[in-house]
2 protein chains.
Amino acid sequence: MKLFGYWRSSAAYRVRIAMNLKGLSYEDNFVHLVKDGGEQLKEAYKAINPQGLVPSLELDNGDYLTQSVAILEYLEETFGGHKLLPETSQDRAYVRSLALSVACEIHPLNNLRVLKYLSNDLKASDEEKSIWYRHWVTEGFAALEETLEKNDHTGKFCFGDEPGLADICLVPQVYNARRFNVDLTPYPTIVSIDQNCQAIEAFNKAAPEQQGDAV
Amino acid sequence: MKLFGYWRSSAAYRVRIAMNLKGLSYEDNFVHLVKDGGEQLKEAYKAINPQGLVPSLELDNGDYLTQSVAILEYLEETFGGHKLLPETSQDRAYVRSLALSVACEIHPLNNLRVLKYLSNDLKASDEEKSIWYRHWVTEGFAALEETLEKNDHTGKFCFGDEPGLADICLVPQVYNARRFNVDLTPYPTIVSIDQNCQAIEAFNKAAPEQQGDAV
């Protein structure tokens with residue numbers, strides 16, 4: 001398999017963690033999201049993914065998958081190894097809801113194309129952009145922290161003592177939050193789960209700074 | 001089961017369609033998103049869903065599920081009846097990627113809390129908000145239209161001739177696009193799929209105007 005990604009893309013970061021957790025090897029194809037207005041918006045990449053977003057995953061049969069959460073579900077359905085989702089449907093729904101509370105409620109508001117729109121079209125200042133960024137992270141993390149604190153399933157990780165789908169989405173968001181100087185002290189459960197993940201090789205190897213295109 | 005929703009919430013609309021397609025009955029619990037600053041932000045509802053978002057689904061055992069896409073996956077795993085996802089993992093990944101291209105790339109940018117932030121915090125004018133809204137819909141629909149046009153699986157619906165997960169996410173987004181006067185003529189495949197869905201009772205009964213809280 002070949003992963004089209006970018007070191008700082010948190011959606012690509014998710015897929016890297018999952019591949020590592022499952023012990024799957026993959027080839028990197030770096031798509032530079034910033035240089036020259038963004039390789040993801042050029043014809044060559046848009047032929048692979050018309051959305052102009054990373055990641056895309058090229059399968060061994062030459063077909064492409066897009067949308068990181070769909071790719072994570074595919075990896076879970078297709079490959080053995082470390083399980084990303086728990087056993088019962090209700091528990092699976094809970095873990096998916098945690099993952100989606102990051103993937104649908106925080107990350108889409110803070111990705112590169114949105115920040116660009118704020119500057120270019122709404123003439124937002126850097127300060128206004130930072131406030132915007134932190135607003136959606138803190139709103140999302142506050143709800144997630146409360147959910148994790150209240151739920152008996154919370155352990156070393158979002159669900160019990162093995163990392164899974166929710167942690168895979170959470171860790172890249174924590175990375176981004178730190179990058180944008182979000183104060184994480186109000187979210188001790190999130191911070192502790194992130195720390196527990198960082199101690200695992202699969203998460204560590206997937207970190208942005210470990211990638212071949214990191215600068 | 002009891003669905004906490006709002007007639008115009010497109011995430012609640014998705015769940016209503018899925019419940020109807022699977023022939024599941026449910027009780028409505030309307031959460032007024034606008035009145036008094038929004039019932040979804042009051043303590044009573046946030047005890048159910050700390051995110052302050054609809055929908056939430058109360059199960060017969062009294063537990064709650066949140067995040068519409070997680071709820072859709074739960075319904076698919078738990079109940080028989082109409083299938084929302086195809087058979088093979090690769091096809092399932094494709095259908096999920098279509099659904100998520102709406103649920104992660106269009107809808108989160110255009111929901112109520114974001115539009116409120118644009119007005120209140122960034123002092124965007126109504127005209128700027130409309131342009132913002134249409135920007136994310138047209139960008140998302142252009143990519144989706146291209147994907148659907150190129151893919152051999154596209155039929156009367158997003159995947160073949162039976163409606164599924166992708167259509168369930170698409171139809172409420174088309175509804176919203178029309179509400180915000182987005183010109184849909186560049187997206188004939190999307191428009192045709194929407195028309196085919198509208199001819200189905202399960203979609204029709206789920207439409208915002210058919211709900212008990214519609215005004």
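**Two chains and an axis**

Mentor: In this predicted model, A:Cys104 is the residue of chain A that comes closest to the rotation axis, its C-alpha lying at 2.4 Å. Residues are numbered from 1 along each chain as its sequence is written, and chains are lettered from A in the order in which they are written.

Trainee: How do you know that there is a rotation axis?

Mentor: Superposing the copies by least squares on the C-alpha atoms of residues with pLDDT of at least 70 in both puts chain A on chain B by a rotation of 180° with 0.0 Å of shift along the axis, at RMSD 0.0 Å. The two copies are therefore related as by a two-fold rotation axis. The same surface serves both: 100% of the contact residues of chain A recur in chain B.

Trainee: What makes a residue part of the contact, and how many does each chain give?

Mentor: Contact means heavy atoms within 4.5 Å. By that rule chain A gives 46 residues and chain B gives 46 residues.

Trainee: Why is the pair A:Glu77 and B:Arg96 called a salt bridge?

Mentor: The term requires a side-chain nitrogen of Lys or Arg within 4 Å of a carboxyl oxygen of Asp or Glu. In this pair the closest N and O atoms are 3.1 Å apart, so it is a salt bridge. The count between chain A and chain B is ten.

Trainee: Which classes of residue make up the side of chain A that touches chain B?

Mentor: That side has 22 nonpolar, twelve polar and twelve charged residues. Asp, Glu, Lys and Arg count as charged; Ala, Val, Leu, Ile, Met, Phe, Trp, Tyr, Cys and Pro count as nonpolar; the others, Gly among them, are polar.

Terms used:
Predicted model: local features only at pLDDT ≥ 70, side-chain atom pairs only at ≥ 80, totals over all residues. Heavy atoms only, no water.
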